[in-house]
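Me: I'm new to reading protein structures. Could you walk me through this one, feature by feature?

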Amino acid sequence: MDSLLRGEELCLAQLFLQSGSAYDCISELGELGLVEFRDLNPSVNAFQRKHVNEIKNCEEMERILGELASTLSFCCNHRVSVCLQEQLQRLEVELGEVTRNKEKLQKNLLELREYTHMLRITHSFVQRTSEVSYEEFPFLEKDTVMDYSSMQRLGAKLGFISGLIQRAKIEAFERMLWRVCKGYTILSYAEVDEYLEDPETGEPSKSIVFLISYWGEQIGQKVKKISDCYHCHLYPYPTNNDERNDVVEGLKTRIQDLHTVLHRTEDYLRQVLMKASESVYTWVIQVKKIKAIYYILNLCSLDVTNKCLIAEVWCPVNDIANLRRALEEGSRKSGATVPSFVNRIPTSDTPPSLIRTNKFTSGFQGIVDAYGVGNYREVNPAPFTIITFPFLFAVMFGDLGHGLIMALFAFWMVLYENNRKLKNTRNEIWNTFFEGRYIILMMGLFSIYTGLIYNDCFSKSLNIFGSGWSVKAMFTAEMWNGNRFLTLDPNVTGVFKGPYPLGIDPIWNLATNRLTFLNSYKMKMSVIIGIIHMSFGVILSTYNHLHFRKKHNLYLVFLPELLFLLCLFGYLVFMIFYKWLVFSAKDSREAPSILIHFINMFLMQGDGVPPLYPGQTGLQIFLVVIAVLSVPVLLLGKPIYLNWLHNGSQRLGMYRVRGYERVRRNSEEELYLMRANDMEEGSSHSDLSSSGDHEAEEFLHQAIHTIEYCLGCVSNTASYLRLWALSLAHAQLSDVLWAMVMRVGLRMDTRLGVLFLVPVFSLFAVLTVSILLVMEGLSAFLHALRLHWVEFQNKFYSGTGVKFSPFSFSLLPSSFEHDGLL
Amino acid sequence: MPSLLFCGPKMAACGIVISLWGVIMLAMLGIFFTSKSAVLIEDVPFTEDDIRNDKNPPQNVYALYNQVGINCFIAAAIYVAVGAVSLCQVRLNKRQEYMVT
């Protein structure tokens, strides 16, 4: 299982694809998702590529499908196999025609309805005014045969203009008419009762029927122009009753006919859409695939004979057999006579990094990759992160009850991980939690463990094994008479019966000096865990040195680094353990301060304080000298060695050149083998001419690394104290929550006090989840992540690689999903 | 019959979770109070009086412990009822989901 530790071995391969079967072969590869294609035409821009027309066609199809999808409200899955593009274009034309017809019919219907309204309402004007019976216009009721030319009062002809106008515009219209025509017109109007659809905006709006009677031709023209300005719909005004009745009858029949036709059109439209909806989803996927394949075909180059395409791919070495099989399958599908084949070629480029993960490891690999994808075949911190990350989180979180709730929540997510509703929600935050469900499960389980060690469960300690301290013994010793505090002195017989088997003794929960005790314990624990974590990081770098065959790094980089770290901080850890083991409650008055001893070690003063153990001064001087000596080795060792190697090889190179003239064949082979060997190893011998630059760069690089490492050791050790800080914060927050919320409910003394406990508990639950689980959990997650990314990984990880992104249909983004259409 | 549904699916699920947690935690608290755990001394509502004027030394405080313990058990029982109501709400919600589609 080398893959998770280091990443898979990749090789560069050339695919020779016959022109006829290129499309099918690439389709096969897309289904399998094996290889990453390299761009062989990097200098060609997007519009000059070979298959740009096909891609344009695909985008056209996508557009049609987008419009189709937006007119549909549902779709289901059926198989369609006929030529896609023709089908889609035909469908689009048909839909367009039907929709246009429908719109025309609706416009027609609207006009007819408006005309009907107008006739009806102006008829009511006529009815109204005929009662008053003005002399000036003897109206139609009195005389059925009346031509407008016979109304000749004042020698001018009386004319009528009638139509409909929007309700919002009627006042302005009226005012305009008055101003322009100055009383030569009479405007009567009334509102239409029902809402008519406005053809431009499509919204229902109210219209007003108006009837303008005017004298004179000129006025008639003006009125017509004004009506046009106000977008009125004008209809011819019938001159007598018979004509009016005829028109009304005609309109009624026409409206009925139109209704029928519209109904039929809508039915037809619905049928067409339903048929299309059955296959729209498949079509979308097909078009996506086609477009992707043409993109890849654009990346290939044509060979000399113009009959076959050449593609360069990065392929995992273990998958070459699968690649061959896929090409054979593609050739078979396209019915080509000449098969396509694959050829592995040597290269000096660094391949991208591929690390295969399963659903459990993918979360941890994700958080490592968020910092930086590893270089090709570099040690991958992810398998170690699976354990250390939840552990460091748990050290900062450390509560049994909270850990249990977190673990149960994660366990629920894991049990229901195949539930489609949970997997496919669009909520970003939920998706983040769901993707990390295994991480959260591990964090919860480890927190249960550290909760047991810290003996903290919702801020209360559990007394599982029986406390090791006895109050009764202290009472019988009668030492409390003058004291304000009831102290338990472990030096008195019988008070301290022995350490608690697992974790912190529960009696500390009742002690006022609880924090003093725990702080000392947690700080020392943080430093110890930090040094172990960092040393582990330094040791991991040996894997890299050995794999990339740079053994000189082992002696010139790894050894000084390790010595520096262990001589100084490893000794600090040793002193911590020594003090814990050697000094007990009896000599607590004379127990030395480790910090003073550590400072004295650097200042080389040993006189002020009594030694911890015999020979301490000597040992400390020895360790400091080793640490100080390892710094120049780290600083200068590697550049000097590489320089010597370089100059040495330069001299050797000269010999080789001379030897080449004498015995050609032998040294040619040697040179070729040497160069090939170097390429395989990944180390490069630079040009003889640029050796000076290379040296200075190497020295500068190593100087930066030394400074960073040495100063980093000190600061990173201190940085691990955040393990103490966060666990203290969590414990205190938990305590405060219990004291201020739960205690209030429990201390209720009255009859109804018991009912008060119910809402108090739910408040306690909500605050626990939101503050202690979510906020503190995110905080501890972040700090544990930082400890991994900075303090652990900068000891061995470079993380400047490129991720292997294979060509696979399942990884294509879908633009439709963004629009929420599918 | 008017609908008995008064909360949505998420609220009902929250109700079930909190009731379950409440039942378990309050029951355990009740057990710890009745077994007179020392760690919980701060949560017992005793006063100076209880300690000084006690005829039978720990009995007053013990009685208070028992009282708080019984309070916890009663609250746990109420949470059982709340849980049952939430369960009904969840079932009604599910049924309504089927009926709409």
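Reply: Gladly! Let's start with a term: helices and strands here are DSSP runs, helices with at least four residues and strands with at least two, numbered from the N terminus. Keep in mind that this is a predicted model.

Me: How many helices and strands does chain B have, then?

Reply: Chain B comes to three helices and zero strands. Starting at the N terminus, its elements follow the order α-α-α. The radius of gyration of chain B is 20 Å, well over the 13 Å that the globule rule gives for 101 residues, so chain B is more spread out than a compact globule. You can see this in the C-alpha trace too, which spans about 70 × 25 × 15 Å along its principal axes.

Me: And what are the helix and strand counts of chain A?

Reply: Chain A has 24 helices and twelve strands.

Me: Which residues touch the most other members of the largest nonpolar core?

Reply: The general idea is that in soluble globular proteins, nonpolar side chains tend to be buried together. Here the largest nonpolar core has 66 residues, and Phe569(A), Tyr709(A) and Leu723(A) touch the most other members. Helix H17 of chain A, residues 551–582, gives the most to this core, with 14 residues. Take Phe569(A) as an example: apart from neighbours within four places in sequence, Phe569(A) is in contact with Ile531(A), Phe598(A), Cys713(A), Val714(A) and Thr717(A). There is also a second, separate core of 49 residues, which includes Cys58(A), Ile296(A), Ala326(A) and Phe807(A).

Me: What about backbone angles: which value of phi does His231(A) have?

Reply: As background, most residues other than glycine have a negative phi. His231(A) has a positive phi of about 55°, although it is not a glycine. You'll find His231(A) in the loop between helix H6 (217–229) and strand E9 (233–235) of chain A. Ser459(A) is another case to look at, with a positive phi near 70° in a residue other than glycine. Ser459(A) sits in the loop between helix H14 (437–454) and helix H15 (471–476) of chain A.

Me: Where does Glu266(A) lie?

Reply: Glu266(A) is in helix H7 of chain A, residues 241–299. With a relative accessible area of 32%, Glu266(A) is partly exposed. Setting aside neighbours within four places in sequence, Glu266(A) is in contact with Lys102(A) and Gln106(A). For a sense of distance, Glu266(A) and Met748(A) are 71 Å apart in space, C-alpha to C-alpha, and 482 residues apart in sequence.

Me: One last thing: how far apart are the mean positions of the charges in chain B?

Reply: Chain B has 7 positive and 7 negative charges, and their mean positions are 18 Å apart.

Key
Residues numbered from 1 in each chain as written. Chains lettered and ligands numbered in written order. Predicted model: local features only at pLDDT ≥ 70, side-chain atom pairs only at ≥ 80, totals over all residues. Heavy atoms only, no water. Rg over C-alpha atoms; globule rule 2.2 N^0.38 Å. Lys, Arg positive; Asp, Glu negative; His and termini not counted. Charge placed at Lys NZ, Arg CZ, Asp CG, Glu CD. Core = buried A, V, L, I, M, F, W, Y, C linked by side-chain atoms within 4.5 Å. Buried < 20%, exposed > 50% of the residue type's maximum accessible area, 1.4 Å probe, protein only. Contact = heavy atoms within 4.5 Å.
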